[in-house]
Amino acid sequence: MKKIRIAHLYYDLMNLYGENGNMRFLKKKLEDQGFDVAIEFLSLENKIDYKKYDFYYIGTGSDDNKELVLLNMIKQKDEIIDAINDKKFFLVTGNALELFGKRIIKLDGSIINGIGAYGYDVKEEEFRIVGEQYYKCDKIPHNIIGFQNRKYSMSDNGDNLFKVIKGTGYNPNINFEGIHDNNFYGTYLLGPILVRNPYFTDYFVKEICDSFGIPYKEVDTNDVAYKAYHEYLKNFELEQ
């Protein structure tokens, strides 16, 4: 049995919308593939060894918590960037995505440097981007559903993960959202995204299996998660 080590980063500070559901769902999916899944919950008091884990997850938090976490992450920014370049898996959701860019530009014009893993800037707006989102993903034949609630817009990074069908991309003028680079996946989508999009989770698990050299076992798509996805999808399809 292959063991996979998952680091749930800043679980106590970056879980504003109950996004620990992503890790519970992923754990079950990986166990169904025969993995021995070990999740460690890490926060400010921990010195994180970015060579130790196979998968890193960080969710969304309040602005105050986000900035507190950023100060902590900057101390290890080189190790984080090395882990991304070494093709460790990262899933980054909500405003945690803002931590990995070049700069956070606040409404008053002040600037906070991100860890610089990517070259995008995020800018605080006078308006909020709130609502359900409906995206296309070229990784899978099934569309993506999710929710956004943010007050920062983001410049286009390239390496896009999703194309907007209905909703908002990086900012209201760009029809792309999300990052896929090496095994780094980042998106503003909340939901939690993995729970609401089981086919995307299956894609994710296939990629992990492939990296471990484990044959992927096809799953039963008749269970409740897939039924809930298709039922909710009707909300968007009826609007077309």
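Colleague: Where does Lys-77 lie?
Modeller: Lys-77 lies in helix 3, residues 77-85. Helices here are DSSP runs of H or I of at least four residues, strands are runs of E of at least two, and both are numbered from the N terminus. This is a predicted model, where local features need pLDDT of at least 70, side-chain atom pairs count only at pLDDT 80 or more, and totals for chains, interfaces and linings use all residues. Residues are numbered from 1 along each chain as its sequence is written, and side-chain values use heavy atoms, with hydrogens and water left out.

Colleague: Is Lys-77 buried, exposed or partly exposed?
Modeller: Lys-77 is partly exposed, at 35% relative accessible area. Buried means under 20%, exposed over 50%, and partly exposed in between, with a 1.4 Å probe and protein chains only.

Colleague: And how far apart in space are Lys-77 and Gly-114?
Modeller: They are 9.1 Å apart, C-alpha to C-alpha, and 37 residues apart in sequence.

Colleague: Switching to helix packing. At what angle do helix 1 and helix 5 cross?
Modeller: Helix 1 (residues 20-32) and helix 5 (residues 198-212) cross at roughly 55°, and their axes come within 10 Å. Axes are lines fitted to C-alpha atoms, for helices over the stretch in contact, and the angles run from 0 to 180 degrees between N-to-C directions. The two helices are therefore oblique to each other; under 35 degrees counts as roughly parallel, over 145 as roughly antiparallel, 65 to 115 as roughly perpendicular and the rest as oblique.

Colleague: Which residues make that contact?
Modeller: From helix 1, Phe-25, Leu-26, Lys-29 and Leu-30; from helix 5, Pro-198, Thr-201, Asp-202, Val-205 and Ile-208. Contact means heavy atoms within 4.5 Å. The residues of this contact divide into six nonpolar, one polar and two charged. Nonpolar covers Ala, Val, Leu, Ile, Met, Phe, Trp, Tyr, Cys and Pro, charged covers Asp, Glu, Lys and Arg, and the others, Gly among them, are polar.

Colleague: What about helix 5 and helix 6, at what angle do they cross?
Modeller: Roughly 130°, with the axes of helix 5 and helix 6 (residues 224-237) coming within 9 Å. That makes helix 5 oblique to helix 6. Pro-198, Tyr-199 and Asp-202 of helix 5 meet Ala-225, Tyr-226, Tyr-229 and His-230 of helix 6.

Colleague: Where is Asn-197?
Modeller: Asn-197 is in the loop between helix 4 (193-196) and helix 5. Asn-197 counts as buried, at 1% relative accessibility. Beyond its neighbours within four places in sequence, Asn-197 is in contact with Asn-143, Ile-144, Ile-145 and Tyr-229.

Colleague: How many disulfides?
Modeller: The count comes to zero, a disulfide being a pair of cysteine sulfur atoms within 2.5 Å. The sulfur of Cys-137 is 18 Å from the closest cysteine sulfur, in Cys-209, so it is too far for a bond. Cys-137 is buried at 1% relative accessibility, and Cys-209 is buried at 0%.

Colleague: Backbone next. Which peptide bond is cis, with omega near -5°?
Modeller: The bond from Gly-191 to Pro-192. Pro-192 is in the loop between strand 11 (184-187) and helix 4.

Colleague: What is phi of Tyr-10?
Modeller: Near 50°, a positive value in a residue other than glycine. Tyr-10 is in the loop between strand 1 (3-9) and helix 1, and counts as buried at 0% relative accessibility.
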